[in-house]
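Here are some notes to read alongside the structure.

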Amino acid sequence: MQGASPMRRGPRSVAAATKHLPISGRSGGRGTKERPINRPMHHRPVLARAVSRLAAVRPGELWVDCTTGFAGHSTGLLEQGARLVGLDQDPDALGHARETLARFGDRVNFVHGNFRDVEQLLAEVGPVHGLLADLGVSSYQLDRPERGFSFQAAGPVDMRMDPTRGEPAEALIRRLSVPELAGVIRRYGEEPFAGPVARALAAWAAGPGPFDTATLARAVVDGLPKKAAAKRRHHPATKTFQALRIAVNDELGALEALLDAIPRLLAPGGRALIISFHSLEDRLVKRRFADLSGRNRPQAPRRGLPPPPAPPAEFELLTRKPAVADPDELDDNPRARSAKLRAVRRFTADEMGVAA
Ligand SMILES: C[S@@+](CC[C@H](N)C(=O)[O-])C[C@H]1O[C@@H](n2cnc3c(N)ncnc32)[C@H](O)[C@@H]1O
């Protein structure tokens, strides 16, 4: 899948480019190794019903699941009749998805990579009818101490979703100055005590060790004022761990690149669905979808002058308000509490009033 012919556009080229989807069994990415893993017994993807309704898959359509993970949503799309490219930056997750989705044969193909590069990764395939991204880390990644996301159990301070590249969290903590660390913790963790926590992390890094996620979590707690730590509903290190994870994986940068790619990637009539789990992500998705669907008026060039006329919108907003979990789903899966699903659909040439 790597290497690049420019993508062709239009529904015809989708059909042509994907008839012989050339990527069966491939997983790109240097040094990628898919390891055998213990899979979770019952995996229920978040907002599955809303995804199914908004995706409205027609049999034979080509979809890309940018975050295949444990293949819950990928299974749903395939069961609706889609052909699918399953993308994930975590080789372990892809190994699992490959097993779970084996029954769909050559209707599904796998790519190891970051969705920030989705255009290059799909260059040989061409435009798609649909794109789904279910952002963030999976509970499987969170629950495995050796991946370094967990403050409950000791593991290496890593936090990379793709362990084949990038800088582990411990290296990031050691590289950044205290003000830079505080900035990361404030911006990505919305931690009001970012300064004291950053100083505590620097002291942890300069200390005698051991340097693992359990000692790191304790350092964060020690850096917080006692009363503030005691009042928190979640573990007091949650905000700082979230901030480090977002920074290590450049999650917001990757999301912006994905949002940039949507107009070039989607065939006319195609849909993009994005599930976010915190306000930093949701804000980006909401704004970009509003831009695409012409809901943000252009700015006036100068005060007192009228704004220029808006160009015709190329997308329809399918979710004025985001889809969220209903009480039944929340009972089953508390992680769904913060999930927000937003979706857009690209107009067809007919709808745009352009001769096909
Ligand atoms: C919330 S889980 C997805 C769960 C999946 N939808 C399911 O039904 O099982 C997020 C997955 O996205 C992957 N991921 C997160 N950011 C990514 C990125 N920028 N590029 C590729 N994969 C990413 C993670 O490795 C993880 O496996």
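1. Asp-260 counts as partly exposed because 14 C-beta neighbours lie inside 10 Å. On this scale, a residue is buried if 20 or more other C-beta atoms lie within 10 Å of its own, exposed if 12 or fewer, and partly exposed in between, with C-beta atoms placed from the backbone. Asp-260 sits in helix 13, residues 251-265. Helices here are DSSP runs of H or I with at least four residues, strands are runs of E with at least two, and both are numbered from the N terminus. Asp-260 and Arg-116 are 144 residues apart in sequence, yet their C-alpha atoms are 9.2 Å apart in space.

2. A word on the source: this is a predicted model, in which local features need pLDDT of at least 70 and side-chain atom pairs count only at pLDDT 80 or more, while totals for chains, interfaces and linings use all residues. Residues are numbered from 1 along each chain as its sequence is written.

3. Helix 13 also holds Ile-262. Ile-262 counts as buried, with 20 C-beta neighbours inside 10 Å. Leaving aside neighbours within four places in sequence, Ile-262 is in contact with Leu-131 and Ala-272; contact means that the C-beta atoms of two residues, placed from the backbone, lie within 7 Å. Ile-262 and Val-344 are 82 residues apart in sequence and 9.9 Å apart from C-alpha to C-alpha.

4. Now to Glu-281, a residue of helix 14 (residues 279-292). Is Glu-281 buried or exposed? Glu-281 is buried, with 21 other C-beta atoms within 10 Å. Not counting residues up to four places away in sequence, Glu-281 touches Leu-135, Leu-255 and Ser-276. The C-alpha atoms of Glu-281 and Glu-256 are separated by 9.2 Å, and the two residues are 25 apart along the chain.

5. Have a look at helix 9 (residues 194-206) and helix 10 (residues 213-223), which pack at an angle of about 140° with their axes 8 Å apart. Axes are lines fitted to C-alpha atoms, for helices over the stretch in contact, and angles run from 0 to 180 degrees between N-to-C directions. Helix 9 and helix 10 are therefore oblique to each other: angles under 35 degrees count as roughly parallel, over 145 as roughly antiparallel, 65 to 115 as roughly perpendicular and the rest as oblique. The residues of their contact divide into 9 nonpolar, 2 polar and 2 charged. For these classes, Ala, Val, Leu, Ile, Met, Phe, Trp, Tyr, Cys and Pro count as nonpolar, Asp, Glu, Lys and Arg as charged, and the others, Gly among them, as polar.

6. The loop between helix 9 and helix 10 contains Pro-210. A cis peptide bond joins Gly-209 to Pro-210, with omega about 0°.

7. Two other loop residues deserve a glance. Ala-56, in the loop between helix 2 and strand 1 (62-65), has a positive phi of about 40° although it is not a glycine. Glu-190, in the loop between helix 8 (178-189) and helix 9, has a positive phi near 50° and is likewise a residue other than glycine.

8. How do helix 2 and helix 3 meet? Helix 2 (residues 48-55) packs against helix 3 at an angle of about 40°, with the axes 10 Å apart. That makes helix 2 oblique to helix 3. Ala-48, Val-51, Ser-52 and Ala-55 in helix 2 meet Gly-72, His-73, Gly-76 and Leu-77 in helix 3. This contact of helix 2 with helix 3 has 4 nonpolar, 4 polar and no charged residues.

9. Helix 4 (residues 91-100) is mostly covered, with 7 of its 10 residues buried. Its cover includes helix 3, strand 2 and strand 3 (108-112).

10. Helix 3 (72-79) and strand 2 (83-88) each supply at least two residues of the shell around the ligand. Of the 22 residues around the ligand, Pro-45, Thr-67, Gly-69, Phe-70 and Gly-72 come nearest; a residue belongs here if its C-beta atom, placed from the backbone, lies within 6 Å of the molecule. By class, the shell has 9 nonpolar, 9 polar and 4 charged residues.

11. Finally, the whole protein: it has 15 helices and 7 strands. Of its 356 residues, 45% count as buried.
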